[in-house]
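Hello,

Here is the structure I promised to hand over. Please open it first, then read the notes under it.

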Amino acid sequence: MAKNTLLCCILAIACTFVVASDPAPLQDFCVADFNSPVLGNGVACLDPEHVTADNFSLSGLDVPGNVSNPQGSAITLTTVGQIPGLNTLGISLVRIDYAPWGVVSPHTDPRATEILLVIEGTLLIGFVTSNPDNKLITKVIQKGDVFVFPEGLIHFQQNVGYRSAFSYSGLSSQNPGVVLVPDTVFGSTPHIATDVLAKAFQVDKAIVGQIEAKF
Ligand SMILES: *[C@@H]1O[C@H](CO)[C@@H](O)[C@H](O)[C@H]1NC(C)=O
Ligand SMILES: *[C@@H]1O[C@H](CO)[C@@H](O)[C@H](O)[C@H]1NC(C)=O
């Protein structure tokens with residue numbers, strides 16, 4: 001009897017781990033329970049009894065983001081952090097607003113392929129293939145055009161017009177993540193050793209210091 005209880009306990013723990021860490025849905029949904037102490041690959045599930053339509057919903061994506069920043073762009077997230085119902089479902093959405101000539105700095109979304117749809121304006125967009133080719137794939141796209149950024153590759157956008165622009169992107173992750181090249185390389189805490197960056201970028205150490213001071 002004691003042996004059976006022990007076995008049940010082990011199975012229960014193992015099952016908890018499978019549900020909490022498997023990124024593919026093994027049930028209809030798994031609304032994220034951010035209060036759960038269980039850590040896993042994703043977020044533990046809210047009891048389905050307590051789930052409501054609000055847990056799958058968000059409002060306000062019609063409102064432009066605030067583009068008053070040095071890059072002149074604003075990213076409004078609709079990932080699992082904003083919609084708990086996205087947990088385990090492998091998708092998310094972002095709205096991006098661009099001031100005239102504003103940019104989204106070169107970055108990767110480490111966990112997602114992105115498909116971008118221009119709603120207003122004209123964007124110069126592109127991505128760079130991995131080493132050794134580092135080929136730039138780029139074009140100018142307009143209202144109604146769609147472009148795809150393959151998972152993990154460095155990409156960027158710029159509004160190449162005198163009017164505001166905005167786009168929506170679908171991403172193949174509930175939590176795609178963003179690694180902005182300037183912020184991560186020159187703005188880490190603490191800084192990457194100056195000598196490392198000076199050699200990597202083949203510039204004087206003073207120039208590294210100048211760039212770091214901006215972040
Ligand atoms: C789910 O929605 C309800 C309102 O319908 C809300 O009270 C609750 O906090 C939400 N749960 C999560 C995890 O967002
Ligand atoms: C937009 O951001 C700037 C800079 O952070 C801030 O000064 C300004 O108040 C913000 N505007 C709105 C409408 O929130």
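The notes below go through the core, the disulfide, the salt bridges and a surface patch.

Please keep in mind that this is a predicted model.

**The core**

Start inside. The largest nonpolar core has 16 residues. Those that touch the most other members are Tyr98, Leu116, Leu123, Ile125, Ile141, Phe147 and Phe149. Which elements give two or more residues to this core? They are strands β4 (92-98), β6 (114-120), β7 (122-128), β9 (146-149) and β11 (165-171).

Neighbours within four places in sequence are left aside here. Its contacts then include Tyr98, Leu123, Ile141, Phe147 and Phe149. Leu116 is also in contact with Asp145, Val146, Gln157, Ser167, Tyr168 and Ser169.

**The disulfide**

How many disulfides does the structure hold? There is 1. It joins Cys30 to Cys45, with 2.1 Å from S to S. Cys30 lies in the loop between α1 (2-21) and β1 (39-40). Cys45 lies in the loop between β2 (42-43) and β3 (73-78). The pair therefore ties together parts that are 15 residues apart in sequence.

The torsion about the S-S bond of Cys30 and Cys45 is about -105°, so this disulfide is left-handed. Are the two cysteines buried or exposed? Cys30 is buried, at 1% relative accessible area. Cys45 is partly exposed, at 28%.

**The salt bridges**

Side chains of opposite charge can pair when their charged atoms come close. Searching the whole structure gives 4 salt bridges. Here are some of them.

One pairs Glu120 with Lys143. Their closest N and O atoms are 3.3 Å apart. Glu120 sits in strand β6, and Lys143 in the loop between β8 (136-142) and β9, so this pair ties together parts that are 23 residues apart in sequence. Glu120 is partly exposed, with 28% relative accessibility. Lys143 is exposed, with 54%.

Next, look at Asp195. Its salt bridge with Lys199 has the closest N and O atoms 2.9 Å apart. Both residues lie in helix α3 (residues 194-201). They are 4 residues apart, about one turn of the helix. Lys199 is exposed, at 54% relative accessible area. Asp195 is partly exposed, at 34%.

Asp195 also forms a salt bridge with Lys205, where the closest N and O atoms are 3.9 Å apart. Lys205 belongs to helix α4 and Asp195 to helix α3, so the pair ties together parts that are 10 residues apart in sequence. Lys205 is partly exposed, at 46% relative accessible area. Which residues do the shared partners join into one network? They are Asp195, Lys199 and Lys205.

**The surface patch**

Last, turn to the surface. Phe201, Val203, Ile207, Ile211 and Phe215 form a nonpolar patch there. Together they have about 380 Å² of accessible area. Ile211 is one of these residues. It is placed in helix α4 (residues 205-213). Its relative accessibility is 31%, so Ile211 counts as partly exposed.

**Where to look**

Then go to the disulfide between Cys30 and Cys45. After that, view the network of Asp195, Lys199 and Lys205. End at the nonpolar patch that includes Ile211.

Best wishes

Notes:
Residues are numbered from 1 along each chain as its sequence is written. Chains are lettered from A and ligands numbered from 1 in the order in which they are written. This is a predicted model: local features need pLDDT of at least 70, side-chain atom pairs count only at pLDDT 80 or more; totals for chains, interfaces and linings use all residues. Side-chain values use heavy atoms; hydrogens and water are left out. A nonpolar core is a set of buried Ala, Val, Leu, Ile, Met, Phe, Trp, Tyr and Cys residues joined through side-chain atoms within 4.5 Å. Buried means under 20% relative accessible area, exposed over 50%, partly exposed in between (1.4 Å probe, protein chains only). Contact means heavy atoms within 4.5 Å. Patches are made of residues with over 30% relative accessible area and no salt bridge: like charges are joined within 9 Å, nonpolar side chains (Val, Leu, Ile, Met, Phe, Trp, Tyr) within 5 Å. Accessible areas come from the Shrake-Rupley method with a 1.4 Å probe; for residues, only the protein chains shown count as cover. A salt bridge is a side-chain nitrogen of Lys or Arg within 4 Å of a carboxyl oxygen of Asp or Glu. A disulfide is a pair of cysteine sulfur atoms within 2.5 Å.
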